[in-house]
Amino acid sequence: MFYYEWYTTRVYIFSILRMKKLFKKIIAFSIPFAFYLIVVLIIDPFSYFKKNTIVNTEVKEKISKRIEPHLYKILSFENNPKKNILLGDSRTNRLYESISPNSNTWSSLGYGASSLNEVLATFDWIRHEGYQLDSIIIGLNFNLYNKYNKRTWVEETLERKKNVFSYAFSSYVAKSTFLILKNSILEEDIDIGKPKISKDEFWKSSLKNFGNKFYKRYGYPHSYLARLKKISNYCKDKNIHLIFWIPPCSSQLNLIVEEYNLTNELQQFQEDLKGLGELYNFNSDECIINNKDNFTDPAHFNFETGNYIYHKMVKFK
């Protein structure tokens, strides 16, 4: 009896000691993660917390916005929603940048290299959240109007921002936090996403790769058109001013459509947009597309051209 009690007591003591060792290991293992989490919450590179102003917006825009524009723009819109929005890809961003600072009543929810699926997913999110809108301007080029062009970063971003832990431990947040700290401590000038080749070299490279990237595999986007029609009907029901516009591309880039025998599909794209709402087709403006000086690369017009488009299409108030 005595032996049994002694044995059980010894086992109990050893169990407690093992638990203490395990607890210490867990604490030691958790300290770096806890420290990282605190740093992220202080820096808050994408302004997850609206009132966190420790790092100024200019630094975040310079770094975080370039690393993950979807997360940056969606959280910015949540923090400061506007009743007028721009949807599209990098060409929509160029329009928005071209008209600043007259764009203070608008939000640009365009993303570089965006797919049409992401444009539609952004609108679905805005509608689901119940934001009140007065105007929507959607910029679409033919290269987006393809059922195989279906990147899904917006859906992933909406999942990422659902709670503070999925936000904080995202690789984009980690990278942005590190670069902001590096910028603040070392005062280094950080350039992200800028091509390191000349304009002529980048121009040639863009022409060479564009067709293979967007037109080698083409399928008529029936599902995208159906979703665009839902947007059109929603805007009519809610009395929202809906405008579609086709950004201009260099005439050299437009010739690639013919090379891939997609001229009829291009015409159908234009007819589809005409049936959805007010349409401005700047890609048929020969004064723009035939002058290389109007572009920074074959797919992107410059700021002066952006101002011209702004004055032709709509007054931003």
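**View 1. Contacts across the protein chain of a predicted model.** Among contacts (heavy atoms within 4.5 Å) between residues at least 6 apart in sequence, 78% join residues at least 24 apart. The model is predicted, and local features need pLDDT of at least 70, side-chain atom pairs count only at pLDDT 80 or more, while totals for chains, interfaces and linings use all residues. Residues are numbered from 1 along each chain as its sequence is written, and side-chain values use heavy atoms, with hydrogens and water left out. The protein chain holds 14 helices and seven strands, where helices (H or I, at least four residues) and strands (E, at least two) are DSSP runs numbered from the N terminus.

**View 2. Strand 4 and its two partners.** Of the six residues in strand 4 (residues 241-246), five are buried, that is, they have under 20% relative accessible area with a 1.4 Å probe, counting protein chains only. Strand 4 runs parallel to strand 3 (residues 135-139), to which five bridges join it, and Trp245 in strand 4 stands opposite Gly139. Strand 4 also runs parallel to strand 5 (residues 278-281), here through four bridges, with Phe244 opposite Leu279 in strand 5; two strands pair if DSSP finds at least two bridges between them.

**View 3. The buried residues of helix 6.** In helix 6 (residues 153-160), Val154, Thr157 and Arg160 are buried. These residues lie on the same side of helix 6 because they cover an arc of only 120° around the axis, the arc being that of the directions from the helix axis to the C-beta atoms. An α-helix has 3.6 residues a turn, so residues three or four places apart point the same way.

How values were computed
Buried < 20%, exposed > 50% of the residue type's maximum accessible area, 1.4 Å probe, protein only.
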